[in-house]
Amino acid sequence: MSTYLAVSEEVADALSEGRGVVALESTLLAHGLPPGHNHEVGLRLERVVREAGAVPATIAVLDGKARVGLTGEQLARVCAAESGLVKLSRRDLGPAYVAKRDGATTVAATAALAHQAGIGFFATGGLGGVHLAEPTGAASWDVSADLDVLAFTPVTVVCSGVKSILDVEATVEVLETRSVPVLGYRTDSFPGFYRRETAFSVPWRVESPSEVAEVVAAHREVPGSAGVLVVNPVPEAYEVDRELHDRLLAEGMAMLRERGIRGKAITPALLSHFHSGSGGASLTANVELVADNTRVAAASAVALSRSQASLR
Ligand code: PSU
Ligand code: MN
């Protein structure tokens with residue numbers, strides 16, 4: 001194993017026993033949620049995994065090492081406002097190790113590290129995707145590394161689709177090009193993070209964690225296969241009102257242009273605009289959708305570990 005990878009004892013034991021383990025990312029805590037709120041969310045997500053009978057593995061880079069499974073103190077450090085963790089995609093890991101930095105891992109980096117540690121399931125809020133074109137109509141070339149990592153990494157990511165700040169149609173097309181299966185969890189529509197539905201459909205639908213587990217096992221037998229994307233819409237009670245959503249999105253896009261915000265700063269800036277402009281409704285939606293995705297990922301991981309145990 002890599003000298004830069006530190007897997008907690010609890011996670012290592014669970015993996016060697018073939019138990020269900022679910023990776024959780026740290027960018028959504030450090031950059032997606034306001035400080036003061038993120039720590040309790042991080043703790044809650046770990047609880048949700050345990051309640052489903054699996055073991056949580058929150059992932060972050062601390063003191064130049066990739067930590068898979070955090071202590072209480074490490075999780076608090078990830079969530080503290082004054083820590084100022086950098087946002088690390090997969091390409092940033094090597095430089096961050098050498099610089100002995102602390103950093104929060106995105107979906108791309110978390111999925112890569114989860115796989116390195118031997119973890120097959122991962123829950124988050126929204127996947128990164130293809131950003132909208134420039135106002136001039138030129139392509140932005142801002143395509144999240146999350147998509148490429150799924151194309152090469154055999155990890156199942158449960159999320160609520162992609163944020164409406166992206167070009168959803170282009171994102172869905174790239175997932176098809178990269179041969180990433182997309183499973184709608186009790187839905188026929190590709191979800192839009194704050195909204196349960198977008199104008200785009202999913203190619204396959206599953207109804208239960210055991211069905212997810214069965215498809216993941218079958219997909220592993222497909223030559224060249226890698227990641228699986230499970231899309232689970234935000235629970236109905238927490239969906240953000242359409243008019244409010246559309247207004248915040250339009251304002252948010254204008255704010256990005258005015259302030260010249262680009263690249264990896266876009267997602268955190270837009271999320272925080274939504275959180276402040278919705279009087280907390282988008283924050284509640286974000287937290288509840290991540291919690292529900294975590295529940296589905298944990299139940300699926302447990303279902304897969306049980307079916308593998310029955311084969312042994
Ligand atoms: N899900 C959330 N909040 C977030 C993210 C996901 O509920 O902040 C993060 C993930 O870490 C994802 C990142 O990888 O947003 C996408 O960033 P970008 O658009 O710069 O690729
Ligand atoms: Mn980007």
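E251 and R247 form a salt bridge, with their closest N and O atoms 3.0 Å apart. The term covers a side-chain nitrogen of Lys or Arg within 4 Å of a carboxyl oxygen of Asp or Glu. Because the two residues are four apart in helix α10 (residues 242-259), about one helical turn separates them. Helices here are DSSP runs of H or I with at least four residues, strands are runs of E with at least two, and both are numbered from the N terminus. E251 is partly exposed at 34% relative accessibility, and R247 is partly exposed at 43%. For these labels, buried means under 20% relative accessible area, exposed means over 50%, and partly exposed lies in between, using a 1.4 Å probe and protein chains only.

Before we go further, please note that this is a predicted model, in which local features need pLDDT of at least 70 and side-chain atom pairs count only at pLDDT 80 or more, while totals for chains, interfaces and linings use all residues. Residues are numbered from 1 along each chain as its sequence is written, chains are lettered from A and ligands numbered from 1 in the order in which they are written, and side-chain values use heavy atoms, with hydrogens and water left out.

## Other salt bridges

How many salt bridges does a search of the whole structure find? The count is 11. One of them joins R205 to E207, whose closest N and O atoms are 2.7 Å apart. R205 is partly exposed, at 35% relative accessible area, and E207 is partly exposed too, at 36%.

The side chains of R91 and D92 also meet in a salt bridge, at 3.7 Å from N to O. Here R91 is exposed at 72% relative accessibility, whereas D92 is buried at 19%.

Strand β4 (residues 65-68) runs parallel to strand β1 (residues 5-7), and three bridges join the two. Strands are taken to pair if DSSP finds at least two bridges between them. V7 has V68 in β4 as its bridge partner.

β4 also takes part in an antiparallel pairing with strand β3 (residues 55-62), through four bridges. β3 and β4 make a hairpin with two residues between them, and D63 in the turn has a positive phi of about 50°.

## Helix α6

Is helix α6 (residues 107-117) largely enclosed or largely open? Nine of its 11 residues are buried, so α6 is largely enclosed by the rest of the structure. Among the buried residues are V107, T110, L113 and A117.

Both ends of α6 have a detail worth a look. At the start, a side-chain oxygen of T106 comes within 3.2 Å of the backbone nitrogen of A108. Such a polar contact is a pair of N or O atoms within 3.5 Å; within protein, one must be able to donate a hydrogen and the other to accept it, and residues adjacent in sequence count only if both atoms are side-chain atoms. Just after the helix, G118 adopts a positive phi of about 100°.

## Aromatic pairs

Rings of Phe, Tyr and Trp (its six-membered ring) pair if their centres lie within 6.5 Å; planes under 30 degrees apart count as stacked, over 60 as edge-to-face and the rest as tilted. By this rule there are three aromatic pairs. Y4 and Y97 are stacked, because their ring centres are 4.6 Å apart and their planes lie at 10°. This pair links distant parts of the chain, with Y4 in the segment before β1 and Y97 in helix α5 (residues 93-98), 93 residues apart. Y4 is partly exposed at 35% relative accessible area, while Y97 is buried at 11%.

The rings of Y194 and F274 are likewise stacked, since their centres are 4.7 Å apart and their planes at 20°. Y194 sits in the loop between β9 (182-185) and β10 (204-206), and F274 belongs to helix α11 (residues 266-277), 80 residues apart. Y194 is buried at 2%, and F274 is buried at 1% relative accessibility. Ring pairs join F193, Y194 and F274 into a cluster.

## Cysteines

The whole structure contains zero disulfides, a disulfide being a pair of cysteine sulfur atoms within 2.5 Å. C79 is buried at 5% relative accessibility, and C159 is buried at 0%.
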